[in-house]
Amino acid sequence: MSWFKRLRGEPQPSSRDTAKQRLQLVLVHDRNQISPGMIELIKDEIIAVISKHIEIDTAGVQVSFTHGERENKLVADIPLADGWRTRK
Amino acid sequence: MPARVITITSGKGGVGKTTTTANVAVALALLGKRVVCLDADIGLRNLDVVLGLENRIVYDVVDVIEGRCKLRQAMIKDKRLSELYLLPASQKRDKSAVKPDDLVKICLDLRPDHDFVLIDSAAGIEEGFRTAIAPADEVIIVTNPEVSAVRDADRIVGLVEAAEKGPAKLIVNRLKPELVQRGDALDTSDVLDILAIELIGIVPEDELVLISTNRGTPAALDDKSRAGMSFRNIARRLTGEDVPFESFREEANVFGRFAKFLRGDGRTS
């Protein structure tokens, strides 16, 4: 089956790339000792706090780790709600 | 010059710590270095069989610690190399029989008369690992290019740093160049991206390692073994020589290259 797919040239991520991506993701959590579920909790609380003061696009909020060599950052990307810039 | 004490560890079991310890020790002795390898995997003794010295053990490291013999009485001289010694683990006792300070003291006694003391650590991150790194000047982490081994190695990198024994150096063991070229295995560069520590060796998968272990004559003694060559290169790097890293590109077989050409998708960049 996979031979057939390959012969037809259908793109398929290599298992090498998949392994690397999965490792990078799991290690972010390992290194910070924070589970994926905890990230969701942090995200919900950030939304709750900011929403008190500013109208934000809650569906677009993203909280994630970025990793450098051996240093990681927690990054929150919080889009403002539509119409925020068009002061009524 | 007093000996450098190097602990070889991995986190995950079965990645080739003992084989690596035995082969690097043999390779260092081939370079004329005075080497002691110390089996710190108490209760699961194996460095003796890999080196082919199992029939000559009278005393072990626990006997030394508990005063039943002198340090020199427990050290087994290698059959082939006059400057290689093994200090075996106890097979009857468990990890608690050896404390970190015990190993520090033994290494203190070994340092003046040798160039290298290689310590084969127990797997895991608990007592056995902590005891094994206590006397270390340097730590080498052995991993395989696969997700569980690399994940555990990452944990060890952090623990070695926390114990102020870092930065550890890395050996990628059992690399399969054919699988890497096909895009079906992590390459050394992937492992290095993730672990971000200094590489000291890449050892390819080689069935001669199993065969040589069957016989109790480490592959580093075999000129025909490509893994043996890699172990000898590691020894040379440890002595400060600048030895380029093996690429193994040409090792991948003709069929593999043909299959890649057929796919023509460049997945294996």
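1. Two residues are in contact if their C-beta atoms, placed from the backbone, lie within 7 Å. By this criterion, residues 24 or more positions apart account for 37% of those contacts in chain A that have a separation of 6 or more. The model is predicted: local features need pLDDT of at least 70, side-chain atom pairs count only at pLDDT 80 or more, and totals for chains, interfaces and linings use all residues. Residues are numbered from 1 along each chain as its sequence is written, while chains are lettered from A and ligands numbered from 1 in the order in which they are written.

2. Chain A contains 3 helices and 2 strands, in the sequence order α-α-α-β-β. Here helices (H or I, at least four residues) and strands (E, at least two) are DSSP runs, numbered from the N terminus. Of the 88 residues in chain A, 5% are buried. A residue is buried if 20 or more other C-beta atoms lie within 10 Å of its own, exposed if 12 or fewer, and partly exposed in between.

3. Which residues of helix 5 of chain B are buried? In this helix (residues 100-110), they are B:L103, B:I106, B:C107 and B:L110. They lie on the same side of helix 5 of chain B because they cover an arc of only 100° around the axis, the arc being that of the directions from the helix axis to the C-beta atoms. An α-helix has 3.6 residues a turn, so residues three or four places apart point the same way. On the other side of helix 5 of chain B, the residues B:D101, B:L108 and B:D109 are exposed. The packing partners of the buried residues include strand 1 (4-9), strand 2 (35-39) and helix 6 (127-133) of chain B.

4. The largest nonpolar core has 84 residues; such a core is a set of buried Ala, Val, Leu, Ile, Met, Phe, Trp, Tyr and Cys residues joined through C-beta atoms within 7 Å. Its largest share, 7 residues, comes from helix 1 (residues 17-30) of chain B. B:A25, B:V117 and B:L118 have the most contacts inside the core. Not counting residues up to four places away in sequence, B:A25 touches B:V35, B:C37, B:L84 and B:L118.

5. Between the chains, helix 2 (residues 15-32) of chain A packs with helix 7 (residues 147-162) of chain B at an angle of about 35°, with their axes 10 Å apart. Axes are lines fitted to C-alpha atoms, for helices over the stretch in contact, and angles run from 0 to 180 degrees between N-to-C directions. The residues of this contact divide into 6 nonpolar, 1 polar and 6 charged. Ala, Val, Leu, Ile, Met, Phe, Trp, Tyr, Cys and Pro count as nonpolar, Asp, Glu, Lys and Arg as charged, and the others, Gly among them, as polar.

6. B:R155 is found in helix 7 of chain B and is partly exposed, with 15 other C-beta atoms within 10 Å. Leaving aside neighbours within four places in sequence, B:R155 is in contact with A:D30, B:G11 and B:I125. The C-alpha atoms of B:R155 and B:I125 are separated by 8.4 Å, although the two are 30 residues apart along the chain.

7. The loop between helix 7 and strand 7 (169-175) of chain B holds B:P167, which a cis peptide bond joins to B:G166, with omega about -5°. B:E164 lies in the loop between helix 7 and strand 7 of chain B. Phi of B:E164 is near 60°, a positive value in a residue other than glycine.
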